[in-house]
Amino acid sequence: MPPPPYFHHSPCQVLALKPDTGEYVWHFQQVPGEDWDYTATQHMILADLTIDGRPRKVIMQAPKNGFFYVLDRATGEFISGTAYAKVTWAEGLDPKTGRPIVKPEALYSTTGKPQLIYPGPGGAHNWHPMSYNPRTGYVYIPSLEAAFGYVAHDPKTFQKRPGVFWSFGIDPVGAAMPEDEATRKAIRAGSKGRLIAWDPVQKKAAWNVEYPVAWNGGLLSTEGGLLFQGTGQGRFVAYDAKDGKKLWDFHAQTGIIAAPVTYEVDGEQYVTVLAGWGGAIPLVVGELALDAAKGGTNRILTFKLGAKGELPPMRTVVRKLAPPQATAAKEVVDKGRAHYQQYCAACHGDTAAAGGIVPDLRYSATLGDAGAWKAITLEGAMLKNGMVTFEKYLKPDEVEQIRAYVIQRAHDEKKRLETATK
Ligand code: HEC
């Protein structure tokens, strides 16, 4: 049975063209008919490696799908492909062709059955730059480990609305994080970040460092054998590139997702990083960023040996969780949930838990003020701050249903804070 007609699959290919003319040279398809938002758009690194005693000019990539690819860059020939992260959608790759051996149950859009799959749409590696160090021979991958519950949208109720809302063919309510706190806790615990030192010749990790937050910074490795990375928890760390030993650690007061750079001025070497929290994962799957360093000051930080600078004291923001009483009936809250997931989750976070970029609505003072809520969502009262208006898509009673839902979620959060730490 083919997947429903609204499904759009990413071509998921590496394509070689002649830069002067655009002439096609070769292509290598990683995932034919992919179903999970796996793309081959992660950056690529060129290297000269000795593989099976033969010098090879290769192109290397750690795309979202969780397999590390080594291809011959002149011909596109598949040399190797090995899982560098937790992968549950495929058994592995065919060693000759590099084609994935897809598990039949992973094809949720064809079977119609929901599936929890690693990696999720964020991939096992996203846009954060990886780094190859010819001295150690390792490729350093800022990897993430987060599953996603893929649920195909029922073709009978699916509406394609290109350019306005996400029309992925994924059911926005069915695929949401469950609201039961025990399940959420398990999902949070199963979501991690990992710095991987990958050996592309031995096809295995030489060492790795685990982080509690999945979303961390890109990498810089140096001729001198150092490896720098910022973390979602707001540390800027230098490792020994050979064995992963931590050598130095700086508290940046905010989560870091960018990659550092190094340069020399008048004979002195500097390392600079843009420290700041943001990006797709915290925006959408807010709660997986629960332990991230959020709300800090974004800064450009520069370091050199022997420098004595210090950051000003950290700014702390105290947020008050004081929702009005939850008085709405269950069916109102349920309707509000459906609208919230369709219209609000992409910015304010899945199931009303924000990841530290736009306001967390559970904490909003407007929760207790139907007039202000309506002015913001339907009349553009905060348009200048980037809060879009929904007058074309939602009616006043529907935004009231959303408010009832967020009030319910604020009470759930209050209970969680009273009983648990994570
Ligand atoms: C495209 C992104 C985006 C979407 C989608 C979105 N918002 Fe917002 N929203 C924002 C931004 C940005 C702000 C305010 C930023 C600021 O002032 O710092 C905001 C602010 C708000 C505030 C004020 C919060 C406060 O206490 O300051 C409310 C209420 C709100 N949004 C409700 C909603 C509702 C309800 C939906 C869904 C119907 C929604 N938003 C969808 C981006 C979005």
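Reader: Which residues does Ser221 touch, not counting residues up to four places away in sequence?

Author: Start with the term: contact means heavy atoms within 4.5 Å. On that basis Ser221 touches Ser131, Tyr132, Asn133, Tyr140, Leu226 and Leu227. One caution first. This is a predicted model, where local features need pLDDT of at least 70 and side-chain atom pairs count only at pLDDT 80 or more, while totals for chains, interfaces and linings use all residues. Residues are numbered from 1 along each chain as its sequence is written, and side-chain values use heavy atoms, with hydrogens and water left out.

Reader: With which side chains does Ser221 make polar contacts?

Author: A polar contact is a pair of N or O atoms within 3.5 Å; within protein, one must be able to donate a hydrogen and the other to accept it, and residues adjacent in sequence count only if both atoms are side-chain atoms. The side chains of Ser221 and Ser131 are joined at 2.9 Å. The side chain of Asn133 also pairs with that of Ser221, at 3.5 Å.

Reader: Where does Ser221 sit, and is Ser221 buried or exposed?

Author: Elements are DSSP runs, numbered from the N terminus: helices are H or I with at least four residues, strands are E with at least two. Ser221 belongs to strand β15, residues 219-221. Ser221 has 15%, so Ser221 is buried.

Reader: How many helices and strands does the chain have?

Author: The chain has six helices and 21 strands. For overall size, take the radius of gyration over C-alpha atoms; the globule rule is 2.2 Å times the number of residues to the power 0.38. For 422 residues, a compact globule would come near 22 Å, and the chain's 23 Å agrees. The C-alpha trace spans about 70 × 65 × 45 Å along its principal axes. Of the 422 residues, 50% are buried. Among contacts with a separation of 6 or more, 57% link residues 24 or more positions apart.

Reader: What is the accessible surface of the chain?

Author: Accessible areas come from the Shrake-Rupley method with a 1.4 Å probe; for residues, only the protein chains shown count as cover. The total is about 21000 Å², and 56% of this surface belongs to carbon and sulfur atoms.

Reader: Which residues come nearest to the ligand?

Author: A residue is near a molecule if one of its heavy atoms lies within 4 Å of it. There are 20 residues around the ligand, and Cys344, Cys347, His348, Ser364 and Met387 come nearest. Now the polar pairs. His348 places a polar side-chain atom 2.8 Å from a ligand nitrogen. For Asn385, the distance to a ligand oxygen is 3.1 Å. Two elements give two or more residues to this shell: α4 (330-348) and α5 (370-378). Helix α4 gives the largest share, four residues.

Reader: How do the shell residues divide into nonpolar, polar and charged?

Author: Ala, Val, Leu, Ile, Met, Phe, Trp, Tyr, Cys and Pro count as nonpolar; Asp, Glu, Lys and Arg as charged; the others, Gly among them, as polar. The shell has 14 nonpolar, six polar and no charged residues.

Reader: Which residues of α5 are buried?

Author: General idea first. An α-helix has 3.6 residues a turn, so residues three or four places apart point the same way. In α5 the buried residues are Trp373, Ala375, Ile376, Thr377 and Leu378. Their cover includes α6 (396-419). At the start of α5, a side-chain oxygen of Asp369 comes within 3.1 Å of the backbone nitrogen of Gly371. Just after α5, Gly380 has a positive phi of about 75°.

Reader: What should I check in the backbone?

Author: Most residues other than glycine have a negative phi, and most peptide bonds are trans. Asp52 has a positive phi of about 50° though it is not a glycine. Asp52 lies in the loop between β3 (45-51) and β4 (54-61). With a relative accessible area of 80%, Asp52 is exposed. Lys203 has a positive phi too, near 60°. Its loop runs between β13 (192-199) and β14 (204-211). Lys203 is partly exposed, at 41%.

Reader: Which residues does the cis peptide bond join?

Author: The cis bond joins Tyr118 and Pro119, with omega about -15°. Pro119 lies in the loop between β9 (115-117) and β10 (131-133).

Terms used
Buried < 20%, exposed > 50% of the residue type's maximum accessible area, 1.4 Å probe, protein only.
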